[in-house]
Each structure stands twice: as structure tokens, then as C-alpha cells.
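Here's a quick briefing on a single protein chain. Have a look at the fold before reading on.

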Amino acid sequence: MELPLPVFDVSTLGSGSASDSTESASVLADQLQHTGCVYLVRHGIPTETIHRAFEVSKRFFALPHQARMSVADLNSPHFRGFVPSRGELTKGPADADRREQFVIGPETAPQPLDPGAPWRQLIGPNQWPDALPELRPVMLDWLDELTALSHRLLSAIATALHGRPDFFDGLVAGNPNHRLRTSHYPAGTPGFDDNGLGAHRDHGLLALIAQDGVGGLQMEDGHDSWVDVKPLPGALVVNLGETLQVATGGRLPAPVHRVITPPTGAERYSFAFAFNPHIEALTKDTTDPQGAGTTEHYGRRVLARWLQSSPHLARRHFPNVDPGALLTGS
Ligand SMILES: O=C(O)CCC(=O)C(=O)O
Ligand SMILES: [Fe+2]
């Protein structure tokens with residue numbers, strides 16, 4: 001099968017001498033520099049962990065509507081839980097996403113409410129449905145595996161770009177706003193309702209995607225056309241987010257991507273793990289020796305975006321927060 005993206009063998013990072021892994025880190029950075037998106041093979045996450053995750057995801061989406069709605073995201077100021085089909089407006093109000101999702105993050109206690117820093121509400125507990133007790137251990141185990149792999153990749157990128165594996169660690173330390181979302185893309189009518197997930201860039205550092213064999217994930221190739229990221233059995237896909245694009249002065253691009261609804265008779269399941277900065281992280285171009293350019297506050301930016309794409313949550317939990325004011329820092 002001809003693949004649209006480079007393939008990176010993760011096992012080359014951790015083994016052998018330090019110079020081997022430095023070389024391998026440069027291979028990864030070079031691949032990412034061209035596409036912002038790469039297949040990862042021999043990534044070390046047990047097949048069994050992945051298999052269990054897909055299995056429990058299917059069982060979650062097969063629960064009766066009422067059981068899924070018992071953990072609706074509308075209950076959660078932390079943007080976690082079940083997001084029904086059409087519940088998110090990634091592309092804007094005219095075309096809601098057709099996928100349904102279940103979203104978790106690192107399990108933490110809620111933060112004290114601070115009206116001057118509403119983004120801190122993104123940190124907090126998850127919601128778990130009583131009807132499927134296995135969901136919690138399986139999702140949290142998968143979250144831990146994906147977090148550990150993301151740290152390895154970030155260290156490799158830091159080694160390749162700055163000669164130091166811990167160069168970007170300060171962005172993630174503390175309360176990282178990671179998210180693991182599993183999505184179910186129901187079949188649709190081609191040409192009519194094919195917006196499974198609207199075109200977007202991820203906001204964080206990098207994302208790891210696991211998809212089943214159905215296909216539908218597409219990346220923009222930089223020349224206004226879409227490339228099908230065909231499923232590669234056992235592989236994960238890494239795609240970079242805007243925080244890393246900013247931190248590397250644009251050297252590592254965050255690709256625009258989307259998911260097309262499966263055709264009649266098919267349905268797609270996937271996982272996307274967003275490896276995100278901590279909620280107060282300040283990002284600026286680290287390749288500029290003068291330190292010029294704007295500094296971005298991750299918590300402000302991500303809350304503004306999520307309020308725009310989830311207006312029902314905005315109205316319920318953040319009625320006095322203006323996304324525009326968050327973005328301009330006032
Ligand atoms: O479902 C997928 O394959 C991709 C999901 C994605 O890009 C996201 O949730 O940000
Ligand atoms: Fe994405």
C-alpha cells in the first residue's frame with residue numbers, strides 16, 4: 001500500500017547509544033518539518049491496550065441514549081463527558097460535527113473558581129457512566145500510555161531542535177490540559193452530511209490518533225488539497241498542534257485536518273489524544289534569539305476556542321466570559 005505520509009519507527013529512539021537516538025530524533029523532526037504529520041510504528045503501546053480501548057468505546061456508544069446523556073458534557077465545566085452528534089461546532093455555527101464523542105482528561109480535583117482566570121476550570125474531574133464501569137480503568141490506562149509516548153516524542157523533538165531533551169518540558173509541567181477523546185462517526189449520505197469533524201488545527205503540542213480500518217481522516221497538504229490518511233494497522237498517527245508551531249517559529253507546522261463521514265453502511269471509531277500544555281503555559285518563538293514576537297497564553301486561547309465551538313457549555317458554565325476578551329488578554 002502506498003502511504004501518503006512518512007513512517008517513523010519509535011523503537012529507534014530509546015534503544016542503542018545516545019548518538020543513535022540523537023540521529024533518530026533528527027529523522028523524526030525532519031519528517032515532521034515537511035508534513036506536521038507522521039505514522040508511528042513500533043511505538044511500544046501494547047496491542048492489547050489498544051484493542052481493549054476500541055472495544056470499550058464501541059460498548060459506550062452502544063449504550064442507550066439516556067445512559068450516555070447521564071455523563072453529557074453539558075454537566076461539566078471541565079469540557080468532559082459525552083458530546084452528542086452535532087454537539088460541537090468545529091467549523092462554525094453553519095455546520096456542526098456529525099461525530100459523537102466521549103472525552104476525558106487527567107483525573108484531578110476541581111480547581112477553586114477564580115473569575116479572573118476562568119480557564120482554570122478546564123482542570124478537574126471526569127464523568128463516568130454507571131452503566132459501563134470498565135470504561136474508567138481502560139480509558140485511564142490508555143491515557144497514561146499515550147501521555148508517556150507523547151513525552152518521548154516531545155523529548156526527541158527537543159533534542160533534534162535544541163540539543164536538550166527537556167527543552168519543552170516547562171510547557172507541560174504542572175496541570176497539563178491533556179484530552180483523550182474517543183469518537184464514533186455514524187454513516188451519512190455522501191455529499192449531504194459528510195462533515196464528520198470540521199477542518200481544524202489542534203491547539204496543543206501534538207496529538208496521537210488511533211483509527212480503525214474505515215478511513216476518513218484527511219490532512220491538508222498545504223496546496224489546498226486533502227490527503228487521505230489511510231489506516232495503517234497497528235500504527236498511530238502523530239500530528240502537531242499550534243503550540244509547537246508557535247514555539248518553533250513555524251518550523252514544525254500544525255496541519256489542518258478533518259474527518260469525512262463514512263459512507264452508508266460503514267461507521268468509524270477513533271481515538272485522538274491531545275498532548276497539551278499546562279493551563280498557564282506561555283508560548284513564544286524559542287528560535288528567535290531576541291525573544292521578539294507575541295507570547296501566547298495557552299489557557300486563554302484554548303478556553304476561547306472551546307467556548308466558541310461549544311456554545312451550550314459556554315451559556316451554562318461561562319455566561320460572563322467573552323471569548324474575544326480572552327483572546328485579546330483583557
Ligand atoms: O477522529 C480522528 O481521526 C481525528 C480526531 C481529531 O482530529 C480531533 O479530535 O482533534
Ligand atoms: Fe484534531
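Helices here are DSSP runs of H or I with at least four residues, and strands are runs of E with at least two, numbered from the N terminus. On that count, the protein chain has 10 helices and 14 strands. Keep in mind that this is a predicted model.

**Overall build**
- A compact globule of 330 residues would have a radius of gyration near 20 Å, so the 19 Å of the protein chain agrees with that.
- The C-alpha trace spans about 55 × 50 × 40 Å along its principal axes.
- Buried residues make up 51% of the 330 in the chain.
- Among contacts with a separation of 6 or more, 76% link residues 24 or more positions apart.

**Nonpolar cores**
- The largest nonpolar core has 73 residues, with Trp142 and Ile157 touching the most other members.
- Helix α5 (residues 135–162) gives this core its largest share, 14 residues.
- Beyond its neighbours within four places in sequence, Ile157 contacts Leu28, Leu32, Phe168, Leu206, Leu240, Leu244 and Leu252.
- Another core, of 12 residues, lies apart from that one and includes Leu197, Met219, Ala235 and Val237.

**Around strand β11**
- β11 pairs with β6 (residues 195–200) in the antiparallel sense over three bridges, and His257 is the bridge partner of His200.
- β11 also pairs with β8 (residues 217–220), again antiparallel over three bridges, with Arg258 as the bridge partner of Gln218.

Terms used:
Residues are numbered from 1 along each chain as its sequence is written. Chains are lettered from A and ligands numbered from 1 in the order in which they are written. This is a predicted model: local features need pLDDT of at least 70, side-chain atom pairs count only at pLDDT 80 or more; totals for chains, interfaces and linings use all residues. Side-chain values use heavy atoms; hydrogens and water are left out. Two strands pair if DSSP finds at least two bridges between them. A nonpolar core is a set of buried Ala, Val, Leu, Ile, Met, Phe, Trp, Tyr and Cys residues joined through side-chain atoms within 4.5 Å. Buried means under 20% relative accessible area, exposed over 50%, partly exposed in between (1.4 Å probe, protein chains only). Contact means heavy atoms within 4.5 Å. The radius of gyration is taken over C-alpha atoms; the globule rule is 2.2 Å times the number of residues to the power 0.38.
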